[in-house]
Amino acid sequence: MPAFRQVGEKQLPQEVVFMAWSPKRDLIALANRAGEVLLHRLANFQRVWSLPPNENTGKEVTALAWRPDGKILAFGLTDTKRIILCDVEKPESLHSFSVDSSITYMHWMEVTEESSVLTSFYNAEDESNLLLPKLPALPKNEEKSDEIMKLLGDVRLNALVLGGSSGFIEIYAYGMFKIATVTGVAGSCRGLCLSSDLKSLSVITEIQDSSDSEAEITYFQLDTSLLSSYLPEVTRMARKFTHISTLLQYIKLSLTCMCEAWEEILMQMDSRLTKFVQEKNTTTSVQDEFMQLLLWGKASLELQALLMNQLTVKGLKKLGQSIESSYSSIQKLVISHLQSGSEALLYHLSELKGMALWKQKYESLGLDASGIEEAITAVGSFILKANELLQVIDSSMKNFKAFFRWLYVAMLRMSEDHVLPELNKMTQKDITFVADFLTEHFNEAPELYNRKGKYFNVERVGQYLKDEDDDLVSPPNTEGNQWFNFLKNSTHLKESPLLFPYYPEKSLHFVKRQMEGVIDQCLQKPADIIGKSVHQAVCMSLYKTSQSEDSTPQLFKLPFLWNDKTSNIHYVLFTMLENSISKIHILRRHTDTSRSVSNGILAVDFGNFLNSSINESSDSRCYSCLDAHFYDDETVTVVLKESMEQEGKERVLAQLPLSSVYTDEDQDREFIWDSTKRLDEQSGEISTRTVFLENQWRVLENMKAQYVSVNGIRKVSCVLSSNLRHVRVFEMDVEDDGEVEEEEEEETTQIAAGEPDKLHQSGDNQDNVCGASAEELPDETEEHESSLDP
């Protein structure tokens, strides 16, 4: 019986360039050469969703990483230099940001370090939930509001580490707030691993002096002890900044909803007026036609035909209700969404300012009270501009209601219907409102003829929602305003820090962008200060890459980095050629760079373990390692091939226990490192262990296997062929006892969840297994997975 059970196999239409298992669920994310990101389920490699390449985001995916809770997937795009955070539930971007370099690798880790201060912070209920009202859901898109809140995630600190070309390295707390910009590393990043205690960052880079020369693979260990020393402070600061980033995203979406409501008004009126303007014979404008009706009570034949035949009394009432609804939507969005989001921003920034004033704790992290004060001022200006828009909407609503009431009465008279006495009364003030409405909204603008709002514009409100740098076309009239006159005549109050600056000539969008810029500037300083504190502890030149290497995607190539959270050790897996055999080497470094520890370099030979039915001349057989990844802290998963591979010889998937590699003798033997030479030039002095695998291996029949991706938490692996299109999925830790019962339970769960039973049978296995045993999966995870419909 094979050691691992195959549960899925597939030939894919596009070449896969990267794959990563979800840390919490039986889901695997893939990126292919076409720029598509896909999510597949373990069971028979069923597709859950796909996110096609997009002009706005980018088309060339070069890195992939899961948030430790498995709810967010991050991927990097090299053509647009953007990072996209995507919800696991659906193929939609929740958040994105630009970086200064093409990303070549990303790693998302969770801090496991515990302390009494951190524990109290983790367990304490977020005070903002008690002091601030809950942000209302966005209209027509309530799910989006909830999804934005998902960006906050768990309160325990996690960090997304990005590596790119030319030594580019940045660390983002919670995947959103940049806490460090690391400098001083040479070459293009091939691998990254930040230790779970935040004491050190291991980096593998590829340094190439010229296009003709061979690239040199180098290992750097960077000291990030400032982050570990101030872990509680970093966590609190990062959490605050993540709240701020989430609120900015919420305000942006609220403004988008306001723009949609505004366009709805334009379309409603334009669709009715266009035909009228095209068919009328007179040269008078729409505004003149209505003004004539207002002054003389008599409409032209064209206007009468428009009102009575196309618009109708019933249609007018419906149109009026529709436009009033759109105006109300904008008003409600300003009051309940923009103001709520802005007040929450002010709260979190004020708390951050209080933290910055505690210099003993936060000055070393670069938290600057003056920069935060500027951000608070910018938010205040945004709130003032939102209030100004409210006043404009209120004024427009009065004019709008007066116009539709007057027009309704005029149409009733045209149709000789009875007009109710209360409708017939019209004051001079009402006539002024109607005239203002006609002047503002029926003023033809030739520059708008190719856009919405050709014959009817709501420019007075719309000008605030335009994402342009131009000044407002009709700014608010401040003449006679007592407060403005008082400020104008008071030299002291003009420059008072207690008053938020006011920009009467600018749009709401402009003030919002200005606010975002100031907040970004305020967030940038800690990243620079923390980044400068990171320094190089170790630099080891490993080996040179062969120029004859094929065009395999760089993301699949070794070296591979791993952090053992229990013993705080960094492992580096890489292969070097010795006598035409690609041997796997394991380098160990302690995360505490101040500790004097052994370099711990070992080479591993695989003794023969294939039986004679597979290989008859198996007396002296050597195996080359094609790929290796840490399955968990104690095991490495490897793909092997016979070094003298011939046609028909099979490749092998195997588990290598570290206990068979490391012995007590290794603690006494230290490899004497000559820093003037590369490691491959000292390979003869490296201790070699020959291991004989017992039953933890499986021959991969009819597959030219080359790469493997594993998840020790979910006990699964995915093997990819050398042509990057053929995949096989395995359950690695199969227990014989209770297998049948587990399968029956799994099938029952599928039927109850309403999943179609479309699982195809795999090559040498007829089991329909979707994941680990029922005991290993939390209830909420199973329910959650069943909602991920393909």
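How many bridges join β22 to strand β23? Select β22 and residues 635–642, which make up β23: 8 bridges join the two strands, and they run antiparallel. Strands here are DSSP runs of E with at least two residues, helices are runs of H or I with at least four residues, and both are numbered from the N terminus. Two strands pair if DSSP finds at least two bridges between them.

Before going on, note that this is a predicted model, in which local features need pLDDT of at least 70 and side-chain atom pairs count only at pLDDT 80 or more, while totals for chains, interfaces and linings use all residues. Residues are numbered from 1 along each chain as its sequence is written, and side-chain values use heavy atoms, with hydrogens and water left out.

**Stop 1: the sheet around β22**

Stay on β23 and pick T635; D632 stands opposite T635. The open sheet has 4 strands in the order β22-β23-β24-β26, with antiparallel pairing. β22 and β26 (697–700) are at the edges with a single partner strand each, so one side of each has no neighbour in the sheet. From one strand to the next, the twist averages 20°.

**Stop 2: the sheet around β10**

Select β10, β11, β12 and β13 next. These 4 strands form an open sheet in the order β10-β11-β12-β13, and the pairing is antiparallel. The edges are β10 and β13 (177–182); each has a single partner strand, so one side of each is left without a neighbour in the sheet. Inside the sheet, zoom in on β11 (residues 158–164) and β12 (residues 169–173), which are antiparallel and joined by 5 bridges. A159 has A173 in β12 as its bridge partner.

**Stop 3: the largest pocket**

A pocket is found on a 1 Å grid over the protein atoms alone, as an open set of points where a 1.4 Å probe fits, with protein on both sides within 12 Å along at least five of seven lines; lining residues have an atom within 4 Å of a point. About 1,200 Å³ of space lies in this pocket, a volume being the space filled by probe spheres set on the points. β10 gives the largest share of the lining, 6 residues. The lining divides into 28 nonpolar, 9 polar and 11 charged residues. Ala, Val, Leu, Ile, Met, Phe, Trp, Tyr, Cys and Pro count as nonpolar, Asp, Glu, Lys and Arg as charged, and the others, Gly among them, as polar.

**Stop 4: two helices against α10**

Select α6 (residues 286–296) and α10 (residues 369–414). Their axes are 12 Å apart and the angle is about 70°; axes are lines fitted to C-alpha atoms over the stretch in contact, and angles run from 0 to 180 degrees between N-to-C directions. The two helices are therefore roughly perpendicular, a term for angles of 65 to 115 degrees. F290, L293 and L294 in α6 meet F403, W406, L407, A410 and M414 in α10, where contact means heavy atoms within 4.5 Å.

Last, select α7 (residues 301–311). The axes of α7 and α10 come within 11 Å and cross at roughly 90°. Q304, L307 and M308 in α7 meet L407, M411 and M414 in α10.

Note on methods: Parallel < 35°, antiparallel > 145°, perpendicular 65-115°, else oblique.
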